[in-house]
Amino acid sequence: MTIQVVALLLIALAFYWLGHNIVSNLRQLGKDFDFGFLWSRSGYDINQRLIEYSNNSTHGRAALVGILNTMLVAALGCALATILGVIAGVLRLSKNWIVARLMTVYVEGFRNIPLLLWIILIFAIMTEATPQPRDFRGDNPDASMILFDSVAVTNRGIFIPSPVWGDGAGLLLIVFALSLAAIWAFRRYAHKRQEATGDILPVFPVSLGLFLVPTLLVYFAFSAAISRDQYPLMGVGGQQGATLEQFVEENRNPSICAIPDTAVVNLSTELRAIGQRADIVSVSSAAQMQESLQSGDCVLAVMPPDVAATMAGSLDGVDLVTLGQTIDRGRPLQFERPQLAGFNFEGGIQLRNSLIALWFALSLYTGAFIAEIVRAGILAVSRGQTEAAFALGLQPSRTMNLVILPQALRVIIPPLISQYLNLTKNSSLAIAVGYMDVRSTLGGITINQTGRELEGMLLLGLFYLVLSLLISGVMNIYNTSVKLKER
Amino acid sequence: MKKSVLLGTLAVAGLAAGVASASTLEEVQARGALNCGVTTGLVGFAAPDANGEWDGFDVGVCRAVAAAVLGDPSAVNFVPTTGQTRFTALASGEIDMLARNTTWTFSRDVDLRFEFTGVNYYDGQGFMVPRELGVSSAMELDGATVCIQTGTTTELNLADFFASNNMSYEPVPIETNAEAQQQYLAGACDVYTTDASGLAATRATFEDPTAHVILPEIISKEPLGPLVRHGDNEWGDIVRWTLNALIAAEELGITSANVAELAAGTNNPEINRMLGSEGDLGGMMGLSSDWAVNAISAGGNYGELFERNIGENTPIGLARGLNAQWTDGGLLYSPPFR
Ligand SMILES: N[C@@H](CCC(=O)N[C@@H](CS)C(=O)NCC(=O)O)C(=O)O
């Protein structure tokens, strides 16, 4: 008891001393303790942003962009690590000698070499072994896009097509959601029926059919109905009935007003094909479009024919002409392909090398640990269980799914949680490849530009703490749901 | 028993808190070496040479201060810092001074609480692109991918430049110059931007420097100079007047070759005051009277340092330009020694 009191006092004193020291040292440096910097203009740009952000945004928002980037790579990493880990863990127990050895090599290779080396190695391979965007240029280029010209692998990252929602996308989504509900209902019904009668329904083919068929039907029906529609183009200045090519001769890299939909994506694709970059100004109504055209915010607009009819001739002070060319209205769901424009590929989604290197390295590294956890979990289920299942005539896949895994999961989940936490915290190694995670924005540039080390580091610590608690909270809920239920 | 333990802890805590910090000059003298923050490696400004000895224009300032304070230009521990770590290193006391291509700005001086002790290179931010891109002006860079060092004024200027010219760009954040060089040469970015002097120094190390052009636009003012922590004015004075001594020495014609001879006394009273044969300027700063002689003998005067490390006869080949003496139409102007 006395020892405990003394220990407590000592700890309290130590904390008091630390706090006092910080305060007096800060005072000596003439610095105060203030989080006001979070609301001041950041002044720097971030390449990967999942939310709206520019150098005019605040440091707080820059931190948020970083937080989302951290969560993105952590989520991607956890998912891939789990897949790799489960595959490697199961295969390491394979009776096939080569497969089992290969998995051993993978696990030992990644477990025993520092993560940082893997990150840098993958990054170096991605930047040094892949072509530059300008190698794709010319009539006889050194490099070309893959998968039907839809994916470009460059040393700045991998450019993939991005989905664009057009008219009818809402209906598509509703149908898809209904299909999912139907799948769920069917599975429940199949389960009930199996319990009641022992009949096994073809769950997988029916689910797959429900998943695909209704949505595809609606998609094709809608596309057939609207895809031949043409939207007129209106420009400020230029000649009535001119082609797009003639129009952009006067207006290089035109700014375009449009209600965001597939038509404007088709327009920017056409512009890129003639070497122009489009700067898209989103508007939400015909009136707003009119205003932007009048104020000079944009020089080109694409719109439905009925809107165009009201617009023609109704703008004072601005010489609005209808171009001779029209644009496809598009389908409910389209994929915008990356295209070489200017210095770089544009359109589509850019998966930057920094993200890919960090993601793969984290996944491969953590996957090796998860493989061991999965292997341990499976080995923890006694052989008798398998033998008993086989004796009952269960197929090996069902034995795995119905007998082994449910028991193994109880052993696997708790250590898996700490692997997820490790991966999340290790993502702060992003600094090695310039991935703009929260350590790089809030904990790097912001601290450096504002000199608020203490505040920044405290916030950073707080963020990782909260994120870790959240992850373990969610995983613990899952853990309770697979736990042995005592009735 | 309980009481004595308690008292003991209190005493320990009190002792630990009571250690007062000595002045930087005393610390440096007691240590016998100057901790000087430099870049992680920028040839001409600060980089280890073939023998592992740090050498360069910024390194010359560190050596001059060490010579003035300790009488020994080699009594320096060089601490490599990146754009992001340099300020923390200085504020925390890990280094006594920073001489690392650092731009004197209002917020660094006032808000970050540092003391710039002068300017040793008047610079501005420029752009370098591979010649084969065919770009001749920074205005043609819309949509380009740009390598920048994080934690610098460079990244702020860049954001302003592109925004005000209504252009877009993709920043590739990078920690050190070496990394930037590797990324740029691999084509992971189209453009490398930093201080024009840094571009020239970086280009000089390329296999084929002529394959790269530095664009004519200079988009900012970057007065680079040494800095110290705010608050220790005596130490700030020493660094400031050491730099001034190097600049004034060039103006007065004092070189590393003739400084020993001139120190014996001349008929120019300003030279006599500076070199210690008249008055006691050194003593006023708490240094020996031959402080300036030592500083100048360390690597020569400002002009000598410039010519040897980054001047026109080096691979870096920078002209004096703004960094000429005021008497030659430049901006270098040391206050008088009196
Ligand atoms: N002058 C700017 C930029 C300084 C800077 O980062 N300079 C680069 C190139 S000129 C450098 O010294 N790099 C060396 C290194 O990476 O350590 C500032 O103070 O923020």
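**A serine, a ligand site and a buried aspartate**

At 41% relative accessibility, A:Ser481 counts as partly exposed (between the limits of under 20% for buried and over 50% for exposed, with a 1.4 Å probe and protein chains only). The model is predicted, so local features need pLDDT of at least 70 and side-chain atom pairs pLDDT 80 or more, while totals for chains, interfaces and linings use all residues. Residues are numbered from 1 along each chain as written, chains are lettered from A and ligands numbered from 1 in written order, and side-chain values use heavy atoms, without hydrogens and water.

A:Ser481 sits in helix α15 (residues 453-482) of chain A; helices here are DSSP runs of H or I with at least four residues, and strands are runs of E with at least two. A polar atom of the A:Ser481 side chain lies 2.7 Å from the backbone oxygen of A:Tyr478.

A polar side-chain atom of B:Thr40 is 2.6 Å from a ligand oxygen, and a polar backbone atom of B:Asn101 is 3.0 Å from a ligand nitrogen. The protein covers 100% of the 520 Å² of accessible area that the ligand has on its own (Shrake-Rupley method, 1.4 Å probe).

What is the place of B:Asp232 in chain B? B:Asp232 lies in the loop between β14 (227-229) and α9 (233-252). B:Asp232 is buried yet has no salt bridge, and the nearest side chain of opposite charge, B:Arg229, is 6.2 Å away; a salt bridge needs a side-chain nitrogen of Lys or Arg within 4 Å of a carboxyl oxygen of Asp or Glu.

Conventions:
Lys, Arg positive; Asp, Glu negative; His and termini not counted. Polar contact = N/O pair within 3.5 Å; in protein donor to acceptor, adjacent residues only side chain to side chain.
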